[in-house]
Amino acid sequence: MRKYQTDTGLFISEGLLELLDKMFPNKLPPYLVNEAEIAQLIGQQQVITWIKDKQEDIRVENLEIENQVTIK
C-alpha cells in the first residue's frame, strides 16, 4: 500500500480512502432523509473529495521529488 507524505507530515493511504468510500458512499440512501441529513451527507462527500484531491497533490509532489512514475 502506497502512502504519500508532505513536508507537513500528512499521510493519506489508499486503504484510508477505500475505507472512507465504504463507510460514506457517494450516494443517497434508499429512504427519505431530511434537510439536516442531506447537509451532513454533502459535508461528508466534500471532506472525502478534499482528501482525494489532497492525495493527488501529494502524489504529484512526491513524483517530482522522487522523479519516479507510479502505475496503478
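Reader: Why is Lys52 called partly exposed?
Author: Its relative accessibility is 34%. Buried means under 20% relative accessible area, exposed means over 50%, and partly exposed is whatever falls in between (1.4 Å probe, protein chains only). So 34% puts Lys52 in the partly exposed class. Quick housekeeping: the model is predicted, with local features needing pLDDT of at least 70 and side-chain atom pairs counting only at pLDDT 80 or more, while totals for chains, interfaces and linings use all residues. Residues are numbered from 1 along each chain as its sequence is written, and side-chain values use heavy atoms, leaving out hydrogens and water.

Reader: What makes Asp21 and Lys52 a salt bridge?
Author: The cut-off is a side-chain nitrogen of Lys or Arg within 4 Å of a carboxyl oxygen of Asp or Glu. Here the N to O distance is 3.1 Å, so the pair qualifies. Asp21 sits in helix α1 and Lys52 in helix α2, so the bridge ties together parts 31 residues apart in sequence. Helices here are DSSP runs (H or I, at least four residues; strands are E, at least two), numbered from the N terminus. Like Lys52, Asp21 counts as partly exposed, at 35%.

Reader: How many salt bridges are there in the whole structure?
Author: The search finds two. Arg59 also pairs with Glu56, with the closest N and O atoms 2.4 Å apart. Those residues are three apart in helix α2, which means about one helical turn between them. Arg59 counts as buried at 18%, whereas Glu56 is partly exposed at 35%.

Reader: How do you know that Leu28 is exposed?
Author: Its relative accessibility comes to 62%, and that counts as exposed. Leu28 is in the loop between α1 (14-23) and α2 (35-66).

Reader: What makes the nonpolar surface patch?
Author: Leu28, Ile38 and Ile42 do, covering about 290 Å². Patch residues need over 30% relative accessible area and no salt bridge; nonpolar side chains (Val, Leu, Ile, Met, Phe, Trp, Tyr) are joined within 5 Å, like charges within 9 Å. The areas come from the Shrake-Rupley method with a 1.4 Å probe, and for residues only the protein chains shown count as cover.

Reader: Which residues make the largest nonpolar core?
Author: Ile12, Leu17, Leu20, Ile48, Ile51 and Ile58, six residues in total. A core is a set of buried Ala, Val, Leu, Ile, Met, Phe, Trp, Tyr and Cys residues joined through side-chain atoms within 4.5 Å. α1 and α2 each supply at least two of its residues, and α2 gives the most, with three.
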